[in-house]
Amino acid sequence: MLFDPGWAAHLLLLAAEEAAAAEAESGGLFDFGGTLVLQIVNFLLLMTILSAVFYGPISRVIEERSEYIRSNAGSAQRRFDEAKALADQYEQELRTTRLEAQQVIAAAEAEAQKIRAQQLAEAQREAQERIAQAQADLDKQKQAALASLSGEVEAISRTLSEKLLSDSARRF
């Protein structure tokens with residue numbers, strides 16, 4: 001067998017022990033020897049490179065994005081204001097239209113009331129004329145009936161008087 005897993009674990013354990021022994025000999029977690037200055041220079045160099053290569057472009061993109069968001073927010077606010085103005089205008093037009101509609105309805109009701117009153121007056125006038133015509137017809141018929149009855153009454157009374165006189169004459 002070429003690869004023994006126990007052999008690799010044993011090798012790692014030896015490397016860890018060597019590293020621990022080297023750290024114990026150097027003085028602990030921080031070594032304030034000549035490598036500290038190199039680490040500081042290394043850190044500053046890294047920060048400069050990161051600033052030039054990484055943070056600068058990211059800052060520029062973030063600034064462009066912020067400007068885009070501000071621009072869109074301004075545009076949205078303008079559109080909101082325009083929409084609110086249109087809504088106000090619509091409400092005003094709606095109120096005006098409702099007022100005009102109420103005026104038209106009131107005028108139509110007044111016109112209908114006027115027409116109704118005219119038709120009622122016309123109907124009453126026609127009824128009065130018919131009543132007067134009927135009364136005149138009745139008066140004519142009454143006069144004709146009285147005239148015909150008066151002739152009959154005279155004839156009947158004459159007949160009765162003649163009959164009474166003839167009966168009286170027979171008795172005496």
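Visitor: What separates R158 and E154 in helix α2?
Guide: This is a predicted model, in which local features need pLDDT of at least 70, side-chain atom pairs count only at pLDDT 80 or more, and totals for chains, interfaces and linings use all residues. Residues are numbered from 1 along each chain as its sequence is written, and side-chain values use heavy atoms, without hydrogens or water. Helices (H or I, at least four residues) and strands (E, at least two) are DSSP runs numbered from the N terminus. R158 and E154 are four residues apart in helix α2, so their separation is about one helical turn.

Visitor: How far apart are the closest N and O atoms of R158 and E154?
Guide: R158 is partly exposed at 48% relative accessible area, and E154 is partly exposed at 47% (buried is under 20%, exposed over 50%, partly exposed in between, with a 1.4 Å probe and protein chains only). The two residues form a salt bridge (a side-chain nitrogen of Lys or Arg within 4 Å of a carboxyl oxygen of Asp or Glu). Their closest N and O atoms are apart by 3.8 Å.

Visitor: Which residue forms a salt bridge with R170?
Guide: R170 is exposed, with a relative accessible area of 65%. The partner in its salt bridge, at 3.2 Å from N to O, is partly exposed at 27%. The two are three residues apart in helix α2, about one helical turn, and the partner is D167.

Visitor: Which residues are linked in a network of salt bridges?
Guide: The structure holds six salt bridges. One of them joins R70 to E63, with the closest N and O atoms 3.4 Å apart. The network consists of E63, E67 and R70.

Visitor: What geometry does the pair of F54 and Y55 have?
Guide: A search of the whole structure finds one aromatic pair (ring centres of Phe, Tyr or Trp, its six-membered ring, within 6.5 Å; planes under 30 degrees apart are stacked, over 60 edge-to-face, the rest tilted). The ring centres of F54 and Y55 are 5.5 Å apart and the planes lie at 65°, so the pair is edge-to-face.

Visitor: What is the area of the nonpolar surface patch that includes F54 and Y55?
Guide: F54 is partly exposed at 44% relative accessibility, and Y55 is partly exposed at 38%. Both belong to a nonpolar surface patch whose members also include L36, F43 and I62 (residues over 30% relative accessible area without a salt bridge, nonpolar side chains being joined within 5 Å and like charges within 9 Å; areas by Shrake-Rupley, 1.4 Å probe). The patch comes to about 1100 Å².
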